[in-house]
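Good morning, colleagues. I would like to take you through one structure today, beginning with a single residue and then turning to the fold around it.

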Amino acid sequence: MEISQTLGHASEYKANRGSQGPKLFIAVAGNIGTGKTTLTRMLARKYGWQPHFEVVDTNPYLADFYENMERWSFPIQIFFLNSRFKAHQRIIQTNNSSIQDRTIYEDAHIFARNLFESGLMQERDYSTYLNLYEEMCKFLTPPDLMIYLRKSLPRLKQNIQKRVIERDYENNIPDKYLSDLNGYYDDFAENYKYGKVLVIDTDNYDFVANADDFEDIGRRIFEELDQKEMFLPGF
(Lines give C-alpha, C1' and ligand atoms only; values in the text may rest on other atoms or scores of the structure.)
Protein backbone atom coordinates (compact mmCIF):
# COMPACT_ATOMS: atom_id res chain seq x y z
CA MET A 1 0.00 0.00 0.00
CA GLU A 2 1.40 3.40 -0.97
CA ILE A 3 1.45 6.25 1.53
CA SER A 4 -0.43 8.40 -1.00
CA GLN A 5 -3.39 6.06 -0.64
CA THR A 6 -3.73 6.94 3.03
CA LEU A 7 -3.90 10.64 2.16
CA GLY A 8 -6.74 9.83 -0.18
CA HIS A 9 -8.89 8.65 2.72
CA ALA A 10 -8.77 12.05 4.44
CA SER A 11 -12.41 12.84 3.70
CA GLU A 12 -13.48 9.65 5.46
CA TYR A 13 -11.66 10.70 8.63
CA LYS A 14 -12.88 14.30 8.41
CA ALA A 15 -16.46 13.08 8.33
CA ASN A 16 -16.11 12.21 12.02
CA ARG A 17 -15.38 15.79 13.07
CA GLY A 18 -18.92 16.45 14.28
CA SER A 19 -18.50 14.05 17.21
CA GLN A 20 -15.74 16.07 18.84
CA GLY A 21 -17.99 18.64 20.50
CA PRO A 22 -17.22 22.14 21.84
CA LYS A 23 -13.47 21.86 22.41
CA LEU A 24 -10.25 22.44 20.53
CA PHE A 25 -7.73 19.85 19.43
CA ILE A 26 -4.40 21.42 18.48
CA ALA A 27 -1.44 19.35 17.26
CA VAL A 28 2.23 20.37 17.09
CA ALA A 29 4.27 18.67 14.36
CA GLY A 30 7.93 18.92 13.49
CA ASN A 31 11.29 17.22 13.17
CA ILE A 32 13.49 16.13 16.05
CA GLY A 33 14.82 19.28 17.75
CA THR A 34 12.26 21.81 16.50
CA GLY A 35 10.97 22.65 19.98
CA LYS A 36 7.62 20.84 19.75
CA THR A 37 7.55 19.72 23.37
CA THR A 38 8.53 23.15 24.69
CA LEU A 39 5.92 24.94 22.59
CA THR A 40 3.27 22.38 23.54
CA ARG A 41 3.99 22.95 27.22
CA MET A 42 3.97 26.75 26.88
CA LEU A 43 0.72 26.89 24.90
CA ALA A 44 -0.98 24.46 27.28
CA ARG A 45 0.02 26.58 30.26
CA LYS A 46 -1.08 29.87 28.71
CA TYR A 47 -4.42 28.79 27.26
CA GLY A 48 -5.44 26.10 29.72
CA TRP A 49 -5.27 23.26 27.19
CA GLN A 50 -4.57 19.72 28.34
CA PRO A 51 -1.12 18.68 27.03
CA HIS A 52 -0.35 15.25 25.58
CA PHE A 53 3.35 14.57 25.16
CA GLU A 54 5.30 12.16 23.00
CA VAL A 55 6.47 9.00 24.78
CA VAL A 56 10.27 9.17 24.76
CA ASP A 57 11.84 8.30 28.11
CA THR A 58 9.79 5.10 28.50
CA ASN A 59 10.30 3.94 24.91
CA PRO A 60 12.18 0.61 25.20
CA TYR A 61 13.41 0.71 21.59
CA LEU A 62 14.73 4.23 21.14
CA ALA A 63 18.39 3.82 22.11
CA ASP A 64 18.66 0.54 20.18
CA PHE A 65 17.02 2.14 17.16
CA TYR A 66 19.62 4.88 16.86
CA GLU A 67 22.35 2.24 17.12
CA ASN A 68 20.82 -0.02 14.45
CA MET A 69 17.92 1.53 12.56
CA GLU A 70 17.34 -1.35 10.17
CA ARG A 71 17.06 -3.93 12.98
CA TRP A 72 14.67 -1.88 15.12
CA SER A 73 12.70 0.16 12.57
CA PHE A 74 9.55 -1.96 12.60
CA PRO A 75 9.19 -2.50 16.38
CA ILE A 76 9.85 1.15 17.20
CA GLN A 77 7.25 2.32 14.66
CA ILE A 78 4.70 -0.12 16.06
CA PHE A 79 5.43 1.16 19.57
CA PHE A 80 4.93 4.77 18.49
CA LEU A 81 1.80 3.91 16.50
CA ASN A 82 0.23 2.19 19.49
CA SER A 83 1.11 4.91 22.00
CA ARG A 84 0.01 7.72 19.70
CA PHE A 85 -3.28 5.96 18.91
CA LYS A 86 -4.03 5.68 22.64
CA ALA A 87 -3.16 9.34 23.19
CA HIS A 88 -5.36 10.42 20.27
CA GLN A 89 -8.27 8.41 21.66
CA ARG A 90 -7.87 10.07 25.06
CA ILE A 91 -7.95 13.48 23.41
CA ILE A 92 -11.15 12.66 21.53
CA GLN A 93 -12.84 11.26 24.62
CA THR A 94 -11.98 14.10 26.99
CA ASN A 95 -14.19 17.17 27.42
CA ASN A 96 -11.17 19.48 27.63
CA SER A 97 -9.39 21.31 24.83
CA SER A 98 -6.10 19.54 24.15
CA ILE A 99 -2.74 20.06 22.50
CA GLN A 100 -0.63 17.11 21.31
CA ASP A 101 3.13 16.89 20.85
CA ARG A 102 3.52 14.97 17.55
CA THR A 103 0.69 12.99 15.96
CA ILE A 104 -0.11 9.56 14.62
CA TYR A 105 -0.20 11.06 11.11
CA GLU A 106 3.48 11.99 11.30
CA ASP A 107 4.40 8.46 12.33
CA ALA A 108 3.02 7.06 9.09
CA HIS A 109 3.53 9.82 6.53
CA ILE A 110 7.01 10.82 7.67
CA PHE A 111 8.89 8.41 9.93
CA ALA A 112 7.70 5.03 8.63
CA ARG A 113 7.79 6.30 5.05
CA ASN A 114 11.34 7.56 5.52
CA LEU A 115 12.49 4.24 6.95
CA PHE A 116 10.93 2.29 4.10
CA GLU A 117 12.10 4.52 1.26
CA SER A 118 15.64 4.68 2.68
CA GLY A 119 15.82 0.87 2.82
CA LEU A 120 15.71 0.63 6.61
CA MET A 121 12.31 -1.10 6.76
CA GLN A 122 11.31 -4.14 4.73
CA GLU A 123 8.40 -3.83 2.32
CA ARG A 124 6.32 -6.48 4.11
CA ASP A 125 6.80 -4.67 7.45
CA TYR A 126 5.88 -1.35 5.87
CA SER A 127 2.75 -2.83 4.28
CA THR A 128 1.71 -4.39 7.61
CA TYR A 129 2.33 -1.09 9.37
CA LEU A 130 0.26 0.93 6.87
CA ASN A 131 -2.64 -1.50 7.01
CA LEU A 132 -2.73 -1.20 10.79
CA TYR A 133 -2.45 2.59 10.58
CA GLU A 134 -5.34 2.74 8.10
CA GLU A 135 -7.61 0.75 10.41
CA MET A 136 -6.68 2.91 13.42
CA CYS A 137 -7.42 6.14 11.57
CA LYS A 138 -11.01 5.06 10.96
CA PHE A 139 -11.60 5.54 14.70
CA LEU A 140 -9.87 8.93 15.02
CA THR A 141 -11.04 12.52 14.69
CA PRO A 142 -8.36 14.78 13.14
CA PRO A 143 -7.07 17.89 14.96
CA ASP A 144 -8.73 21.26 14.41
CA LEU A 145 -5.31 22.67 13.55
CA MET A 146 -1.91 21.15 12.80
CA ILE A 147 1.00 23.46 13.66
CA TYR A 148 4.11 22.52 11.67
CA LEU A 149 7.36 23.86 13.13
CA ARG A 150 9.91 24.01 10.30
CA LYS A 151 13.61 24.34 11.13
CA SER A 152 16.79 24.03 9.04
CA LEU A 153 19.28 21.21 9.62
CA PRO A 154 21.97 23.40 11.30
CA ARG A 155 19.42 24.77 13.78
CA LEU A 156 18.05 21.28 14.45
CA LYS A 157 21.54 20.07 15.30
CA GLN A 158 22.09 23.03 17.62
CA ASN A 159 18.91 22.23 19.53
CA ILE A 160 19.71 18.52 19.73
CA GLN A 161 23.16 19.28 21.13
CA LYS A 162 21.62 21.40 23.89
CA ARG A 163 19.79 18.35 25.28
CA VAL A 164 22.43 15.72 24.53
CA ILE A 165 23.06 15.10 28.23
CA GLU A 166 19.45 14.06 28.75
CA ARG A 167 19.22 12.12 25.47
CA ASP A 168 22.74 10.90 24.71
CA TYR A 169 21.37 8.43 22.15
CA GLU A 170 20.56 11.40 19.89
CA ASN A 171 24.31 11.78 19.32
CA ASN A 172 23.96 8.92 16.87
CA ILE A 173 21.36 10.54 14.60
CA PRO A 174 22.89 10.90 11.11
CA ASP A 175 22.61 14.28 9.38
CA LYS A 176 21.07 12.60 6.34
CA TYR A 177 18.32 11.10 8.51
CA LEU A 178 17.39 14.54 9.87
CA SER A 179 17.63 16.14 6.44
CA ASP A 180 15.43 13.46 4.88
CA LEU A 181 12.85 13.94 7.63
CA ASN A 182 12.77 17.67 6.87
CA GLY A 183 11.92 16.86 3.27
CA TYR A 184 9.18 14.45 4.25
CA TYR A 185 7.74 16.99 6.70
CA ASP A 186 7.55 19.63 3.97
CA ASP A 187 5.79 17.13 1.72
CA PHE A 188 3.43 16.15 4.55
CA ALA A 189 2.45 19.76 5.26
CA GLU A 190 1.89 20.50 1.58
CA ASN A 191 -0.35 17.46 1.06
CA TYR A 192 -2.07 17.32 4.47
CA LYS A 193 -5.80 16.79 3.86
CA TYR A 194 -7.16 16.10 7.33
CA GLY A 195 -7.64 19.75 8.27
CA LYS A 196 -5.82 23.09 8.51
CA VAL A 197 -2.04 23.45 8.73
CA LEU A 198 -0.17 26.43 10.16
CA VAL A 199 3.47 26.42 8.98
CA ILE A 200 5.88 28.34 11.22
CA ASP A 201 9.50 28.79 10.13
CA THR A 202 11.29 28.77 13.48
CA ASP A 203 14.91 29.50 12.50
CA ASN A 204 14.35 33.15 13.39
CA TYR A 205 11.87 32.47 16.22
CA ASP A 206 12.82 32.21 19.87
CA PHE A 207 9.46 31.68 21.53
CA VAL A 208 11.14 30.68 24.80
CA ALA A 209 13.24 33.80 25.35
CA ASN A 210 11.22 36.28 23.29
CA ALA A 211 7.68 36.95 24.55
CA ASP A 212 6.74 38.74 21.32
CA ASP A 213 7.56 35.62 19.29
CA PHE A 214 5.41 33.49 21.56
CA GLU A 215 2.52 35.97 21.40
CA ASP A 216 2.82 36.02 17.61
CA ILE A 217 2.37 32.25 17.51
CA GLY A 218 -0.76 32.61 19.64
CA ARG A 219 -2.18 35.22 17.27
CA ARG A 220 -1.44 33.08 14.23
CA ILE A 221 -3.18 30.09 15.81
CA PHE A 222 -6.24 32.21 16.59
CA GLU A 223 -6.44 33.48 13.01
CA GLU A 224 -6.44 29.92 11.61
CA LEU A 225 -9.21 28.50 13.81
CA ASP A 226 -12.81 28.09 12.74
CA GLN A 227 -13.90 27.80 16.38
CA LYS A 228 -12.45 31.15 17.47
CA GLU A 229 -14.89 31.41 20.36
CA MET A 230 -13.21 28.37 21.93
CA PHE A 231 -9.87 30.17 21.89
CA LEU A 232 -10.96 33.58 23.16
CA PRO A 233 -11.25 32.78 26.90
CA GLY A 234 -7.51 32.19 27.10
CA PHE A 235 -6.34 34.66 24.49
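**An arginine and its surroundings**

Let us begin with R113, which is found in helix α6, spanning residues 104-117. Please keep in mind that what you see is a predicted model.

Is R113 buried or exposed? Its relative accessible area is 16%. Because buried means under 20%, R113 counts as buried.

Which residue does the side chain of R113 contact? The side chains of R113 and D187 are joined by a polar contact of 2.7 Å.

I turn next to the sheet. Five strands form an open sheet, and their order is β2-β3-β1-β4-β5, with parallel pairing. The edge strands are β2, residues 50-52, and β5, residues 196-201, and each of these pairs on one side only. From one strand to the next, the twist averages 20°.

Helix α9, residues 175-191, lies across β1 (25-30), β4 (145-150) and β5, and runs at about 150° to β4. Helix α10, residues 211-224, lies across β4 and β5, and its direction is at about 160° to β5.

Thank you for your attention.

Notes
Residues are numbered from 1 along each chain as its sequence is written. This is a predicted model: local features need pLDDT of at least 70, side-chain atom pairs count only at pLDDT 80 or more; totals for chains, interfaces and linings use all residues. Side-chain values use heavy atoms; hydrogens and water are left out. Two strands pair if DSSP finds at least two bridges between them. Helices (H or I, at least four residues) and strands (E, at least two) are DSSP runs, numbered from the N terminus. Axes are lines fitted to C-alpha atoms, for helices over the stretch in contact, and angles run from 0 to 180 degrees between N-to-C directions. Contact means heavy atoms within 4.5 Å. Buried means under 20% relative accessible area, exposed over 50%, partly exposed in between (1.4 Å probe, protein chains only). A polar contact is a pair of N or O atoms within 3.5 Å; within protein, one must be able to donate a hydrogen and the other to accept it, and residues adjacent in sequence count only if both atoms are side-chain atoms.
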